[in-house]
Amino acid sequence: MTMGSPLMQETVWFGRLQAEEAEYRYHGHLANQHPGQSSQTSTTKSSTLLSEIARARENIQSSLTTGIKAEGTDVTSRIKALEKENQNLLAVTSELKSLVTQLQLRVTNLEAAAGVKTSPALHTAPAPSKKQGEDEVDEDSDSDDDLFGDSDEESKKKAEELKKKVQEGANKKKKQVVAKSSIVFDVKPDSDETDMKEIETLVRKISQDGLLWGASKLVDVAYGIKKLQISCVIEDAKVSVDEIQEKIEEHEELVQSVDIAAFNKI
């Protein structure tokens, strides 16, 4: 297979300027030639110009031939390198195919030992043919039953362990997720002279299963009055939001009202 360079399709004249200059001088010489000059001198000079033109053409031809040879050599070396790389890739591909086949056989044998159905994409290995002699028959049967050096009892134990693990995973998935909510309460004091620390202490004393108090801060309302903003996390199945509000509002001498500032499901 040969590949051509674009330069091979073109004819390049590298000495064109020299030839044109020589021709220009020749015509100028003819135009300025004196009438009495001998024809022998003009013939000699014209032959000199013709020889220069011939040399220029030879130089052009030799440069073109050298360039074509160099291009052909470079293309040939590239083709050989590509062919060698292609052969290496084919060898690697064949090795990968053999490895995949071996893995398929191993997976099939493991699934058969564990009692799992084999997928249609995997094919079981053909059973080895039995040879004459009792010793050879025993060896073949042992290799069929114990492909990876494990006995029947060990394979059964492994199958049972796999089943237990599958059952445990299914039981974990069946466990219900506990629904929780994040709530922020706004507790407004009865007056501007109410001790907000005392209100926070009373609020945090409210405790029951599924209730967890979080961060708190004082927020300005108006005219120097501040309200307590406190967060908590509750389990929806165990704690009632209305019940918590009622317990806070029981302290009428300190608390004016309780509002829900934020309510988010977790």
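**View 1. Order of the elements along the protein.** From the N terminus on, the elements go α-α-α-α-β-α-β-β-α-β, for a total of 6 helices and 4 strands. Helices here are DSSP runs of H or I with at least four residues, strands are runs of E with at least two, and both are numbered from the N terminus. This is a predicted model, so to speak: local features need pLDDT of at least 70, side-chain atom pairs count only at pLDDT 80 or more, and totals for chains, interfaces and linings use all residues. Residues are numbered from 1 along each chain as its sequence is written, and side-chain values use heavy atoms, with hydrogens and water left out.

**View 2. The largest nonpolar core.** This core has 21 residues, and Phe 185, Trp 213 and Ile 248 have the most contacts inside it. Strand E1 (180-189), helix H5 (196-205), strand E2 (211-222), strand E3 (225-235), helix H6 (241-249) and strand E4 (255-265) each give two or more residues to it. A nonpolar core is a set of buried (under 20% relative accessible area, 1.4 Å probe, protein chains only) Ala, Val, Leu, Ile, Met, Phe, Trp, Tyr and Cys residues joined through side-chain atoms within 4.5 Å.

**View 3. Around Ile 248.** Leaving out residues up to four places away in sequence, Ile 248 touches Val 187, Val 203, Ile 206, Trp 213, Val 255 and Val 258; contact means heavy atoms within 4.5 Å.

**View 4. Leu 99 in helix H2.** Leu 99 sits in helix H2 (residues 39-114). Leu 99 is partly exposed, with a relative accessible area of 46%, between the 20% limit for buried and the 50% limit for exposed.
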